[in-house]
Amino acid sequence: MTHVMACIDGSPQAAAVCDCAAWASRRLGAPLTLLHVLDRQQYPMSGDLSGIIGLGSREFLLQELATLDEKRAKLALEEGRMMLDAARQRAIAAGVAQPECRQRHGDLVEALRDLQNETRLLVIGRQGEDSDDALQHIGSQLENVIRTMQRPILVVPGEFSAPQSVMLAFDGSATSRKGMEMLAGSPLFKGMPIHLVMVGQDGAEHRAQLEDARAVLASAGFAVQIAIRDGEVEPTLHAYQAEHGIDLLVMGAYGHSRIRQFFVGSTTTNMIRTTRTPLLLLR
């Protein structure tokens with residue numbers, strides 16, 4: 001069975017990630033897995049220092065350094081276990097029956113790639129514990145995670161509260177139509193109003209694309225509102241979201257070709273950087 005996978009670390013977003021993942025687990029009826037990865041860059045294995053240590057003290061210092069590295073690794077492992085246990089208790093309090101905890105040592109992207117077949121939805125904070133405190137800073141590994149994973153990714157920027165309304169950034173492309181069909185077939189947003197918003201010139205073709213999408217969502221039981229707004233993508237979507245008090249934004253992630261990545265990828269990155277609400281990225 002595929003899981004909701006939540007990345008837990010020591011960042012300020014960890015509690016919000018846990019709350020969001022617990023909410024998604026309940027909505028989807030999917031088991032919740034809490035994942036903590038000990039980054040090998042933060043906790044590397046001991047190297048060979050014999051060439052820079054004097055002959056008289058080499059053996060003693062090497063032994064001391066090895067002991068310190070071992071203690072540091074054990075402390076990091078225990079700290080991770082404590083974070084996972086705290087997250088597990090928080091998820092149980094939120095109504096998740098049996099959340100699973102996993103801990104790995106290595107690279108976050110590699111770990112998530114290995115677990116991809118078990119993942120239905122990935123929930124991750126915008127900033128990791130090694131990021132600075134800048135409000136609009138994106139975590140150092142987040143973009144690599146998004147480009148690597150072929151699963152929906154729910155990015156949490158700060159505190160989380162259960163969304164009451166959803167907006168899908170729709171451009172009529174095959175990717176956005178696929179995203180719309182995913183929403184129609186998923187229980188994640190059942191019972192919530194959905195806004196289909198297209199950024200571009202108002203015209204018959206765009207209206208027809210939106211009406212077709214609205215019909216699909218309406219047949220799945222959603223109350224749908226459509227809109228076309230002219231302007232730059234990022235500020236226009238944010239302005240519409242603020243105007244209507246929408247709690248969660250859904251959009252396609254980075255494109256696959258290098259040319260598409262240059263145009264679409266930059267929009268995705270900017271939206272992640274500037275959003276104040278959870279952002280669901282579809283692949």
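**Close-up views of a predicted model**

View 1. E211 is partly exposed because its relative accessibility is 36%. The model shown here and in the other views is predicted. E211 forms a salt bridge with R214, and the closest N and O atoms of the two are 2.7 Å apart. R214 is also partly exposed, at 26% relative accessibility. Side chains of opposite charge can pair when their charged atoms come close.

View 2. Helix α6 covers residues 204–219, 16 residues in total. From its first C-alpha to its last the helix reaches 22 Å, close to the 22 Å expected at 1.5 Å a residue. The buried residues of α6 are L210, A213 and L217. Seen down the axis of α6, these buried residues fall within an arc of 65 degrees, so they line one face of the helix. The face turned away from the buried side carries the exposed residues A204, E205, D212 and S219. After α6 comes G221, which has a positive phi near 100 degrees.

**View 3. The β-α-β unit around α6.** Strand β7, helix α6 and strand β8 make a right-handed β-α-β unit. The two strands, β7 and β8, pair in the parallel sense over six bridges. L196 stands opposite I226 of β8. The buried residues of α6 pack against β7 (194–199), β8 (224–229) and helix α5 (174–185).

**View 4. The salt bridge between D19 and R90.** The whole structure holds eight salt bridges, and one of them joins the side chains of D19 and R90, at 2.6 Å from N to O. This pair links distant parts of the chain, with D19 in helix α1 (residues 14–28) and R90 in helix α2 (residues 58–93), 71 residues apart. D19 is partly exposed, with a relative accessibility of 21%. R90 is likewise partly exposed, at 39%.

**View 5. The salt-bridge network of E100, R102 and E118.** These residues, E100, R102 and E118, are linked in a network of salt bridges. The E118–R102 pair links distant parts of the chain: R102 is in strand β3 (residues 100–106), and E118 is in the loop between α3 (108–114) and β4 (119–125), 16 residues apart. E118 has a relative accessible area of 29% and is therefore partly exposed.

View 6. T33 is found in strand β2, residues 32–39. Its relative accessibility is 0%, so T33 counts as buried. Leaving aside neighbours within four places in sequence, T33 is in contact with E100 and R102, and also with H3, V4, M5 and A6.

View 7. S165 is found in the loop between β5 (153–156) and β6 (166–169). The residue counts as buried because its relative accessibility is 8%, and the cut-off for buried is under 20%. Apart from neighbours within four places in sequence, S165 is in contact with M192 and P193, and with G245, I246, D247 and L248. The C-alpha atoms of S165 and L249 are separated by 9.0 Å, although the two residues are 84 residues apart along the chain.

Notes: Residues numbered from 1 in each chain as written. Predicted model: local features only at pLDDT ≥ 70, side-chain atom pairs only at ≥ 80, totals over all residues. Heavy atoms only, no water. Helix = DSSP H or I, 4+ residues; strand = E, 2+ residues; numbered from the N terminus. Buried < 20%, exposed > 50% of the residue type's maximum accessible area, 1.4 Å probe, protein only. Contact = heavy atoms within 4.5 Å. Expected span 1.5 Å × (residues − 1). Arc of directions from axis to C-beta. Pairing = 2+ DSSP bridges. Right-handed = clockwise from strand over helix to strand, strands pointing away. Salt bridge = Lys/Arg side-chain N within 4 Å of Asp/Glu carboxyl O.
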